[in-house]
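Here is a friendly walk through a two-chain model, starting where the chains meet and then moving on to a few pairs of side chains. Have the structure open as you read.

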Amino acid sequence: MHGFANPKRFLALAAWLTPLLLVSGIILSAGALVWGFTQVPPDRLMGETVRILFIHVPTAWLGMGGWTAIAISSLVFLVWRHPLAALAARGAAVPGLVFTLICLATGSVWGRPTWGAWWVWDGRLTSMLVLAFLYVAYIALAKAAEREGVSARIPAIFGLLGAINIPIINRSVVWWNSLHQPPSITLGNSSIDGIFLAPLLVAVVGFSLIFGGVVLARMRALLADIQAEARLRRRAMEMD
Amino acid sequence: MREALDQWTFVYLAYAIGVGGTLAMIAWSWIAMKRAEARRAKVRSSSKADR
């Protein structure tokens, strides 16, 4: 693991892994969505709107997964000082935010025909909205820390503290009364019929690959910016 | 009186949000990466030319 903390080795790996993850992710996700759109029958209770499942659930998981990645990378950065761990945390922030926003928007669209409301202030929806605000705050904090030359430890500590919200989101439908359904898929168990579960799992894998590809692309961009800035600064000092 | 909702409208809308948002994020991240790497290459080559 420490070997990949070397930026040169990371760039050599990311050069071929980034397009591979993105292309395979797009193909798998597109296949799963077409499958869910055309081959899956309407649900007995939810009717045709059950098809929203194939976008809503993967983006919800990846919204939470994105912050879990930020927390783990922040911990690695704080404990072992991996030079790339802080970049990995920052790289996961934007895709995590985008998937959280897609989850909130598609959930709202799903809520209107099933609950009769675009939005309700219950535990699951509110904690997911808090996650979106945490992402915005983390992105702003990391940018400000970079601009002001402040230690990357501050956003890393924020990334760790924000992880408190993840179990709250996960358990919200168990702890509080909610219009949102309880967990349908738990470790090793699923109450979803196989006809819906198969395309859902393919969509989860596809969107996860996209997530990984976007994280690598954003890490490469951040690393290139840092290296260019460092070289420009060195040149300016040499000229002085 | 019950409101009649066309369920497909909501399915189309959710798919448009999901697919559109994901593709926009991929394109934005890819372009940002290519721009940053091109800038780094330009700075490197101009540094070498100065020497």
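## Where the chains meet

Let's begin with the interface in this predicted model. Chain B and chain A bury about 3,500 Å² between them, and carbon and sulfur atoms give 71% of that area. In terms of contacts, 31 residues of chain B touch 44 residues of chain A.

The interface has a polar side too. Nine residue pairs are in polar contact across it, and three salt bridges are found between chain B and chain A. By class, the side of chain B that touches chain A holds 18 nonpolar, seven polar and six charged residues.

## Salt bridges between the chains

Which residue of chain A does B:R39 meet in a salt bridge? The partner is A:E229, with 2.4 Å from N to O. This pair belongs to a network of salt bridges that links A:D225, A:E229 and B:R39.

Another salt bridge joins B:E37 and A:R220, at 2.9 Å from N to O. The pair crosses between chains, with B:E37 in helix α1 of chain B and A:R220 in helix α7 (residues 194-239) of chain A. Are these two residues buried or exposed? Both B:E37 and A:R220 are buried.

## Salt bridges within chain A

Over all chains, the structure has six salt bridges. One of them lies between A:R90 and A:E146, whose side chains meet at 3.5 Å from N to O. Because A:R90 lies in helix α3 (residues 85-115) and A:E146 in helix α4 of chain A, the pair ties together parts that are 56 residues apart in sequence. A:R90 has a relative accessible area of 19%, so this residue is buried under the 20% cut-off. A:E146, at 44%, is partly exposed.

A:R147 and A:E148 also meet in a salt bridge, again with 3.5 Å from N to O. Here A:R147 and A:E148 are exposed.

## Aromatic pairs

The count of aromatic pairs over all chains is 11. A:F37 and B:Y12 form a tilted pair, 5.8 Å centre to centre with 40° between the planes. Since A:F37 lies in helix α1 (residues 7-38) of chain A and B:Y12 in helix α1 (residues 7-50) of chain B, the pair joins two chains. A:F37 is partly exposed, with 24% relative accessibility.

Within chain A, A:W67 and A:Y138 form an edge-to-face pair, 5.9 Å centre to centre with 75° between the planes. A:W67 sits in helix α2 (residues 53-80) and A:Y138 in helix α4 (residues 123-148), so the pair ties together parts that are 71 residues apart in sequence. A:W67 is buried at 0% relative accessible area, and A:Y138 is buried at 3%.

## A buried serine

Our last stop is A:S172, in helix α6 (residues 165-175) of chain A. Why does A:S172 count as buried? Its relative accessibility is 0%. A polar atom of the A:S172 side chain lies 2.7 Å from the backbone oxygen of A:I169. Leaving aside neighbours within four places in sequence, A:S172 is in contact with A:G123, A:R124 and A:S127.

Technical notes
Residues are numbered from 1 along each chain as its sequence is written. Chains are lettered from A and ligands numbered from 1 in the order in which they are written. This is a predicted model: local features need pLDDT of at least 70, side-chain atom pairs count only at pLDDT 80 or more; totals for chains, interfaces and linings use all residues. Side-chain values use heavy atoms; hydrogens and water are left out. Contact means heavy atoms within 4.5 Å. Buried area is the accessible area (1.4 Å probe) that two parts lose on being put together, summed over both. A salt bridge is a side-chain nitrogen of Lys or Arg within 4 Å of a carboxyl oxygen of Asp or Glu. A polar contact is a pair of N or O atoms within 3.5 Å; within protein, one must be able to donate a hydrogen and the other to accept it, and residues adjacent in sequence count only if both atoms are side-chain atoms. Ala, Val, Leu, Ile, Met, Phe, Trp, Tyr, Cys and Pro count as nonpolar, Asp, Glu, Lys and Arg as charged, and the others, Gly among them, as polar. Helices (H or I, at least four residues) and strands (E, at least two) are DSSP runs, numbered from the N terminus. Buried means under 20% relative accessible area, exposed over 50%, partly exposed in between (1.4 Å probe, protein chains only). Rings of Phe, Tyr and Trp (its six-membered ring) pair if their centres lie within 6.5 Å; planes under 30 degrees apart count as stacked, over 60 as edge-to-face and the rest as tilted.
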